Every structure is written in C-alpha cells, then in structure tokens.
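Hello,

Here is the structure I promised to pass on. Please look it over first; my notes follow below.

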Amino acid sequence: MNTLRVLIVDDARLARQELRTMLAELPAVQCVGEADDVPAAREAIARLHPDLVLLDIQMPSGSGFDVLEGLERAPAVVFTTAYDQYAVRAFEANALDYLVKPVAPERLCAALERARQRVQQDDAADAAAGQPPPRGMLGAEDQVFLRDGERCWFVALAEIQRIVVDGNYARVWFRDQSALLARSLSALEARLDPALFFRANRNTLVNLRMVRGVEPSIADGYLLRLKDGSEVEVSRRQARELRERLAL
C-alpha cells in the first residue's frame, strides 16, 4: 500500500495538533507538513506536492477556497471546519469530504480512504495514457481550480473544451459552463500538454479530444466542431500544424 502524503492547513495550533495525532496512528499515512495561513499553504502545496490537503475554510488571511485558486495542480482536498454553512460550496469544488470540527476519527479514516482511491485512480489513468506529458507540463488527468464568484470547481484538463481570451484573463469552458482563470492564454499554453491542447487561433486553445469534426473553411483554414456544439475557426497560420496533428 502506497503511503498517502497529507498536508494540514489550519490557523489553529490545537486543531493542527489533533489532526497530526490522528494521522500518526494510521497506517500508510504521512503528514508531510503544516501551514497556518493562505500564503504558507500555497507555498507548501507547490513545494511538497501532497496527495491530500486537510484544509480549514475560515482563516485570518483568507479562506480555504483562496488557497486553491490558481493552483497549477490541485491536490485532493478534505475541508475541515467548525462551520457547516460552506458544505454546498465545498462539494461544488469537488471536495472529497467535509468534516466538521471536532473531527471524528472514523470520519477522517473514511475521508483518507477516498483520497487513497482517488490517487490510485489518477495513477492508473496516467499509466493507461502511456507517455506522460513533458516535465512541467499539465496533462489530461491534472486538475485546475476554477472560481466564478461564489462558485468553484476542480476540473480535470480532459474535461475542458476550450480556453478563450477574456480581457486580461482566460475563460475556461467545461461541462457546458465557464469560469474565468486569472492567467493569460499564453501563460496557460506554456504549461498545457501540447499533445492535448491546440492553439487554433490568436484567441483560442482547443482540447483536441473534444473535437467532433473538422471542415475546410475560408482562407485555407479549418472549422472545428466541438462536442459541446461550439465552433472554432482555425487560422490559416495554424492550419498546417492542425493537419500535422490530425494527419489531415
């Protein structure tokens, strides 16, 4: 059984100590670190790459949702909080579980088991996909955290249909809805696996797995018809690369 690597994020020292004590009593679980505010949590996630984050919601420096926003790789998350009014929002963010303090050991064990299953599924998906994306690239099974006002989601890159310029940001379309991501399209393109995402034109990245059909278009370009019913023009400049990608 692979060791599950867990990061604890909570501004309360006693709460962190209680969670750490419970984790120490469980087999194949390692507490790899702790953080007590939003900046420290973000830094720890980027540095330690935990499998799971036990994440408080209300902290003086911001919320647990702020910790997740903009992460390039989103780990599995179990929210731990003294309040129950955030449960719906937490599950919209695809949290594995929502534990109300004081955390019951049996509830924590169940949440850890779900996290272990998630990690195993992700590892199996990576193996089935064959060659992993280039080092530093985000592949199909990686998740991004998206937020639109009070709503938030974890979304696997494989679920994203297209990414479009929206002012200084990028609008990500997925599951027939969209959310803004505070990154430029060029910055995103530099991190996304080129085998998965294609720069169709100046303003649009397309997930090639979401392409349902390809038709010739004006000016020696192409028209991509996506599975969600949307259409994306491929510029003449990008047409040659598309032909090479799809062997047209």
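Strand E16 (residues 222-226) pairs with E17 through four bridges, in the antiparallel sense. Leu223 sits opposite Glu233 in E17. Two strands pair if DSSP finds at least two bridges between them. Helices (H or I, at least four residues) and strands (E, at least two) are DSSP runs, numbered from the N terminus.

A note on the source: this is a predicted model, where local features need pLDDT of at least 70, side-chain atom pairs count only at pLDDT 80 or more, and totals for chains, interfaces and linings use all residues. Residues are numbered from 1 along each chain as its sequence is written, and side-chain values use heavy atoms, without hydrogens and water.

The pair belongs to an open sheet of three strands. The order is E15-E16-E17, with antiparallel pairing. Strands E15 (211-216) and E17 (231-234) are the edges; each pairs on one side only.

Now the other pair I checked. Strand E1 (residues 4-9) and strand E2 (residues 29-35) run parallel, joined by six bridges. Val6 has Cys31 as its bridge partner in E2. With helix H1 (residues 13-24), E1 and E2 make a right-handed β-α-β unit. Right-handed means that, with the strands pointing away from the viewer, the path from the first strand over the helix to the second runs clockwise.

Overall, the protein has seven helices and 17 strands. Of its 248 residues, 47% count as buried (under 20% relative accessible area, 1.4 Å probe, protein chains only).

Best wishes

Terms used
Buried < 20%, exposed > 50% of the residue type's maximum accessible area, 1.4 Å probe, protein only.
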